[in-house]
Amino acid sequence: NLGSLLREERQLEEAIVCHHRALRLRPDFPEAHSNLGNALRDYGRPEEAALCFETALRLRPAFPAALVNYGNVLRTLGRVDEALVCYRRAIAAEPMLAEAHNNLGTALKDLGQWAEAAAAYRAALTLDPQSALAHYNLANVLKELGEGPQAESLLLRALELDPALPEAHLNLGNLRKD
């Protein structure tokens with residue numbers, strides 16, 4: 001837990017040390033492997049982070065948070081097809097996990113599967129209607145699908161929820177310019 005708190009405070013080197021200590025005490029603790037993976041990812045070491053998530057998932061195959069975070073690292077590494085598998089496994093393990101649906105949408109968008117991405121973002125919004133990020137992401141996909149007015153209303157809603165979302169301001173301006 002100390003490592004996770006240090007990570008939240010952006011004290012990543014100290015967080016990594018704490019997670020390693022925890023794993024020396026209990027090497028079969030999937031949460032500690034997953035937490036170490038998060039710290040390593042944030043520290044800019046995605047390959048090492050991927051190994052941590054793989055270990056966590058060997059220990060607990062249906063671990064939704066580890067599946068989502070592993071998917072995120074895989075996307076960072078350009079392994080989008082593998083990330084899709086992780087997000088789908090996370091959703092199968094915990095269907096109400098809005099973050100998994102949102103990230104599935106992003107991976108589908110990365111592959112140019114716009115309609116499928118929109119469906120995933122809509123699922124995320126059904127589960128978490130207050131997610132500024134899901135509103136923003138769905139807006140971007142709808143813009144690509146030629147649904148500008150709906151995209152604009154979603155961007156406005158994203159900005160209501162999070163006025164400090166700079167990409168939403170930029171995309172709203174670009175949408176209105178077009």
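1. At 35% relative accessibility, Tyr43 counts as partly exposed, a class that lies between buried (under 20% relative accessible area) and exposed (over 50%), as judged with a 1.4 Å probe and protein chains only. Tyr43 sits in the loop between α3 and α4, where helices (H or I, at least four residues) and strands (E, at least two) are DSSP runs, numbered from the N terminus. Apart from neighbours within four places in sequence, Tyr43 is in contact with Leu12, Glu13 and Ile16, contact being heavy atoms within 4.5 Å. Of these, Glu13 is 30 residues away from Tyr43 in sequence, with 7.8 Å between the two C-alpha atoms.

2. Everything said here concerns a predicted model, in which local features need pLDDT of at least 70 and side-chain atom pairs count only at pLDDT 80 or more, whereas totals for chains, interfaces and linings use all residues. Residues are numbered from 1 along each chain as its sequence is written, and side-chain values use heavy atoms, with hydrogens and water left out.

3. As to confidence, the mean pLDDT of the chain is 93, and 99% of its residues reach 70 or more; pLDDT is the predictor's confidence in each residue, on a scale from 0 to 100. Helix α1 (residues 2-8) has the lowest confidence in the chain, at a mean of 77, while α8 has the highest, at 98.

4. The chain has 11 helices and 0 strands. Its radius of gyration is 18 Å, close to the 16 Å that the globule rule gives for 178 residues, so the chain is as compact as a globular protein of that length; the radius is taken over C-alpha atoms, and the rule is 2.2 Å times the number of residues to the power 0.38. The C-alpha trace spans about 55 × 30 × 25 Å along its principal axes, and buried residues make up 46% of the 178 residues. Among contacts with a separation of 6 or more, 41% are between residues 24 or more positions apart.

5. Helix α7 (residues 98-110) has 13 residues and reaches 19 Å from its first C-alpha to its last, close to the 18 Å expected at 1.5 Å a residue, the expected span being 1.5 Å times one less than the number of residues. This helix is mostly covered, with 10 of its 13 residues buried, including His101, Asn102 and Asn103. The buried residues of α7 pack against α5 (64-76), α6 (80-93), α8 (114-127) and α9 (132-144). After α7 comes Gly112, whose phi is positive, near 75 degrees.

6. The structure holds 1 aromatic pair. Phe53 and Tyr70 form this pair, which is tilted, with 6.5 Å centre to centre and 40 degrees between the planes; rings of Phe, Tyr and Trp (its six-membered ring) pair if their centres lie within 6.5 Å, and planes under 30 degrees apart count as stacked, over 60 as edge-to-face and the rest as tilted. Phe53 lies in helix α4 (residues 46-59) and Tyr70 in helix α5, so the pair ties together parts that are 17 residues apart in sequence. Both Phe53 and Tyr70 are buried.

7. Phe53 also has a place in the surroundings of Asn38, which, leaving aside neighbours within four places in sequence, is in contact with Arg7, Phe53 and Asn69. Asn38 lies in helix α3 (residues 30-42) and is buried, with a relative accessible area of 8%.
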